[in-house]
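Time to look a few things up and jot down what turns up.

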Amino acid sequence: MNRGEDEFARTIVQRLDESAARLDAGTHARLVAARTAALARYPGAPALGLAGNVRVFVELHLFGARIAAVVTALMIATASVVYWQSAAPNGDLADLEISLLTDELPINAYLDKGFDSWLKRSPR
Amino acid sequence: MRWGAPCGLPDQPPVPRRAIPLATQKELSDFLAEVERRAYKQALFSVRDDHLALDIVQDAMLKLTESYAGRPPGELPLLFQRILQNTIRDFFRRQKVRALWTSPLSSLFGSGADEDADPLESLEVADDSRFSEPPSEQAERSQVLAFIEKALERLPARQRQAFLLRYWEELDVAAVASIMGCSEGSVKTHCSRATHALSVMLGKQGIKL
């Protein structure tokens with residue numbers, strides 16, 4: 001790097017310093033807040049104020065709530081699986097459905113109470 | 001005034017850690033206060049978004065405090081710059097992963113941005129009345145600053161990184177090479193090319209510093 005390049009670079013840097021000094025108040029405030037938050041993590045830093053303690057309290061409980069939500073979701077999923085398995089038609093019901101569907105009589109005949117009485121009276 | 005002397009040189013003789021005073025909270029605070037504006041600008045030149053730049057700086061500060069608070073104050077500049085550059089790089093890596101999912105959608109709807117537009121041709125003059133110089137000079141000064149920043153944004157990332165670390169952060173070539181993970185010769189080449197490119201870009205706009 002020659003001297004001319006160095007001088008040009010330093011001129012650029014002077015303008016950059018000027019630009020950095022012109023940061024708007026909002027951006028500077030956020031930088032200060034970031035610095036404060038970082039320094040709060042310094043080992044042995046003074047305990048956080050009320051706001052900080054509330055934040056830590058909320059964060060801890062949110063973590064516990066997340067764990068509880070995951071466990072609850074797993075339990076619901078397990079219960080659902082058990083329920084659907086138990087609700088599935090058993091062998092007797094399957095046989096009844098098959099006999100209804102393959103019988104010569106229409107299904108509506110079985111809904112007729114009179115037909116039902118006749119079936120009970122008639123010998124098979 | 002820049003913080004501290006060149007540090008992190010690999011050929012320095014090892015000093016027993018007990019003999020080196022570690023950075024106090026006050027020293028760490030003073031260092032962060034001195035570097036935060038430049039760190040924000042560095043991040044802004046790379047990511048071109050105010051909020052992201054602030055998030056990056058905050059992350060870097062937190063990492064420095066949490067991981068390296070117990071280091072000597074002379075090591076803080078090199079450590080912080082390394083953390084800052086890694087945090088910026090992590091941002092681009094995440095963006096690349098995100099782009100894998102969003103690029104099919106953007107190809108359907110189109111980007112709408114004029115990628116051939118020269119940003120230097122459409123800069124607006126910032127309103128700044130804090131200085132006592134005449135308004136016309138204020139406007140010209142603001143415009144020059146804006147052009148310089150835009151020119152830096154347009155530099156290739158490695159050239160910009162080398163230039164800012166070498167000249168703005170005043171780190172020596174060895175320290176810059178250590179941060180960038182390249183040779184000292186590469187650092188000098190990047191700096192030289194960056195300086196030349198900035199000179200050309202500003203010259204095209206008729207700006208003479």
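My entries below cover chain B of this predicted model, with aromatic pairs, helices and a surface patch as topics.

**Aromatic pairs**

I started with the rings. A pair of aromatic rings is described by the distance of the centres and the angle of the planes, so I noted both each time. The count over all chains comes to three aromatic pairs. One of them is Phe31(B) with Phe80(B): ring centres 5.8 Å apart, planes at 85°. With over 60 degrees needed for edge-to-face, I logged this pair as edge-to-face because of its 85°.

Next I checked where the two partners sit. Phe31(B) is in helix α1 (residues 25–47) and Phe80(B) is in helix α3, so I wrote the pair down as a link between distant parts of the chain, 49 residues apart. Buried or exposed, I asked of Phe31(B)? Phe31(B) has 2% relative accessibility and counts as buried. Phe80(B) is buried too, at a relative accessible area of 0%.

I then looked up Phe91(B) and Phe92(B). Their ring centres are 5.1 Å apart and the planes make 65°, so this pair also goes down as edge-to-face.

**A charge over a ring**

I looked at Arg166(B) as well. Its charged end sits over the ring of Tyr167(B), 5.8 Å from the ring centre.

**Helix α1**

Back to α1(B), this time for its course. Where does α1(B) bend? I found the bend at Val35(B), and the angle is about 45°. After the helix comes Arg48(B), and I noted its positive phi, near 60°.

**Phe147(B)**

I placed Phe147(B) in helix α4 (residues 135–154) of chain B. It has 9% relative accessibility, which makes it buried, the cut-off being under 20%. I also took a C-alpha to C-alpha distance from Phe147(B) to Gln205(B): 8.4 Å in space, for 58 residues apart in sequence.

**Surface patch**

Last entry. Which residues form a nonpolar patch on the surface? I have Val97(B), Leu100(B) and Trp101(B), with about 410 Å² of accessible area together. I traced Val97(B) to helix α3 (residues 76–109) of chain B. An α-helix has 3.6 residues a turn, so residues three or four places apart point the same way. Val97(B) itself counts as partly exposed, at 48% relative accessibility.

Definitions and conventions. Residues are numbered from 1 along each chain as its sequence is written. Chains are lettered from A and ligands numbered from 1 in the order in which they are written. This is a predicted model: local features need pLDDT of at least 70, side-chain atom pairs count only at pLDDT 80 or more; totals for chains, interfaces and linings use all residues. Side-chain values use heavy atoms; hydrogens and water are left out. Patches are made of residues with over 30% relative accessible area and no salt bridge: like charges are joined within 9 Å, nonpolar side chains (Val, Leu, Ile, Met, Phe, Trp, Tyr) within 5 Å. Accessible areas come from the Shrake-Rupley method with a 1.4 Å probe; for residues, only the protein chains shown count as cover. A salt bridge is a side-chain nitrogen of Lys or Arg within 4 Å of a carboxyl oxygen of Asp or Glu. Helices (H or I, at least four residues) and strands (E, at least two) are DSSP runs, numbered from the N terminus. Buried means under 20% relative accessible area, exposed over 50%, partly exposed in between (1.4 Å probe, protein chains only). Rings of Phe, Tyr and Trp (its six-membered ring) pair if their centres lie within 6.5 Å; planes under 30 degrees apart count as stacked, over 60 as edge-to-face and the rest as tilted. A charge sits over a ring if NZ of Lys or CZ of Arg is within 6 Å of the ring centre and within 35 degrees of the ring normal. The bend at a residue is the angle between axes fitted to the seven residues ending there and the seven starting there.
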